[in-house]
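I opened my notebook to look up how one protein chain folds and packs. These are my entries, in the order I made them.

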Amino acid sequence: MRLEGTMTQARPLRADAVRNRKKILDAAHLLITRHGPEVPMDAIAEAAGVAVGTLYRHYPTKTDLVGAVLSRHVERMTLAVEEAADRVRAGEHAMTELTALVSRVIEAAAQDHAVKAAAQGVGASYAPENDTRAAAALTELIAAGQADGDLHSDVTVADFYLLLATAPLDQPREVRDRWLTLILPGFTAAAR
């Protein structure tokens, strides 16, 4: 028998399910960062304080779980770019915001390096809409820096992504800071 006009809607998660999901993601992030992708799912469940069945209800596979952890990291970085663009719109100096943003993203990537390596190892991915949002906000920041005369006119979003991709994430913070101090001026109009 077919019912006409019925719609299936996803029910919102109960409050305890939302809390469990957060605990699972926090524990997965911590353990994967410390031990890599080989950390067992039952160890993640134990660290989260939930039953293994609860973990598997939320994340049926390790790939699903690592993808969720990676998505949360990418969402945080996207928000950081959007917040920097908001501050520039409110009158802050674009180059100051770009420099702080690049430093923050590099530090976050250095801390979450194991999570990203785990994601690659298990084939996890994240929703691409965050890339679109981050690129739009970064485009705005770059345009503001160029309008201020601080960034060279040919600098692009791809250049900033290349900058981030080549950061020495496996080095100590002092080395990463020194690297950024040496590299970032190559983006400025004064350096050309």
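The model is predicted, so local features need pLDDT of at least 70, side-chain atom pairs count only at pLDDT 80 or more, and totals for chains, interfaces and linings use all residues. Residues are numbered from 1 along each chain as its sequence is written, and side-chain values use heavy atoms, with hydrogens and water left out.

**Entry 1: a loop residue**

I looked up Asp 148. Its place is in the loop between H7 and H8. Helices (H or I, at least four residues) and strands (E, at least two) are DSSP runs, numbered from the N terminus. Is Asp 148 buried or partly exposed? With a relative accessible area of 43%, Asp 148 is partly exposed. I then listed its contacts, where contact means heavy atoms within 4.5 Å. Leaving aside neighbours within four places in sequence, Asp 148 is in contact with His 93 and Ala 94. The C-alpha atoms of Asp 148 and Ala 94 are separated by 7.7 Å. Along the chain these two are 54 residues apart.

**Entry 2: the whole chain**

I counted 9 helices and 0 strands. Read along the sequence, the pattern is α-α-α-α-α-α-α-α-α. The protein has 192 residues, and 39% of them count as buried. I also checked contacts between residues at least 6 apart in sequence: 72% of these join residues at least 24 apart.

**Entry 3: two helix pairs**

Two packed helices are described by the angle between their axes and the distance between the axes. Axes are lines fitted to C-alpha atoms, for helices over the stretch in contact, and angles run from 0 to 180 degrees between N-to-C directions. Angles under 35 degrees count as roughly parallel, over 145 as roughly antiparallel, 65 to 115 as roughly perpendicular and the rest as oblique.

I took H4 and H5 to start. Their axes come within 9 Å and cross at roughly 170°. That makes H4 roughly antiparallel to H5. The contact residues divide into 10 nonpolar, 1 polar and 4 charged. Ala, Val, Leu, Ile, Met, Phe, Trp, Tyr, Cys and Pro count as nonpolar, Asp, Glu, Lys and Arg as charged, and the others, Gly among them, as polar. On the H4 side I noted Met 77, Val 81 and Arg 87, among others; the residues they meet in H5 include Leu 101 and Arg 104.

Next came H7 (residues 129–147) and H8 (residues 157–165). They pack at an angle of about 110°, with axes 9 Å apart. That makes H7 roughly perpendicular to H8. Here the contact residues divide into 7 nonpolar, 1 polar and 1 charged. Asp 131, Ala 134, Ala 135, Leu 138, Thr 139 and Ile 142 in H7 meet Val 157, Phe 160 and Tyr 161 in H8.

**Entry 4: the cores**

A nonpolar core is a set of buried Ala, Val, Leu, Ile, Met, Phe, Trp, Tyr and Cys residues joined through side-chain atoms within 4.5 Å. Which residues touch the most other members of the largest core? They are Leu 138, Leu 141 and Phe 160, out of 32 residues. H4, H5, H7, H8 and H9 each give two or more residues to this core. H5 gives the most, with 10 residues. Apart from this core lies another, of 19 residues, among them Leu 25, Ile 44, Ala 45 and Tyr 59.

**Entry 5: an aromatic pair**

I found 1 aromatic pair in the structure. Rings of Phe, Tyr and Trp (its six-membered ring) pair if their centres lie within 6.5 Å; planes under 30 degrees apart count as stacked, over 60 as edge-to-face and the rest as tilted. Phe 160 and Phe 187 form a tilted pair, 4.9 Å centre to centre with 55° between the planes. Phe 160 is in H8 and Phe 187 is in the segment after H9, 27 residues apart. Phe 160 counts as buried at 1% relative accessibility. Phe 187 counts as buried at 10%.

Arg 176 lies in helix H9. At 7% relative accessibility, Arg 176 counts as buried. Trp 179 is also in helix H9. Trp 179 is buried, with a relative accessible area of 17%.

Notes. Buried means under 20% relative accessible area, exposed over 50%, partly exposed in between (1.4 Å probe, protein chains only).
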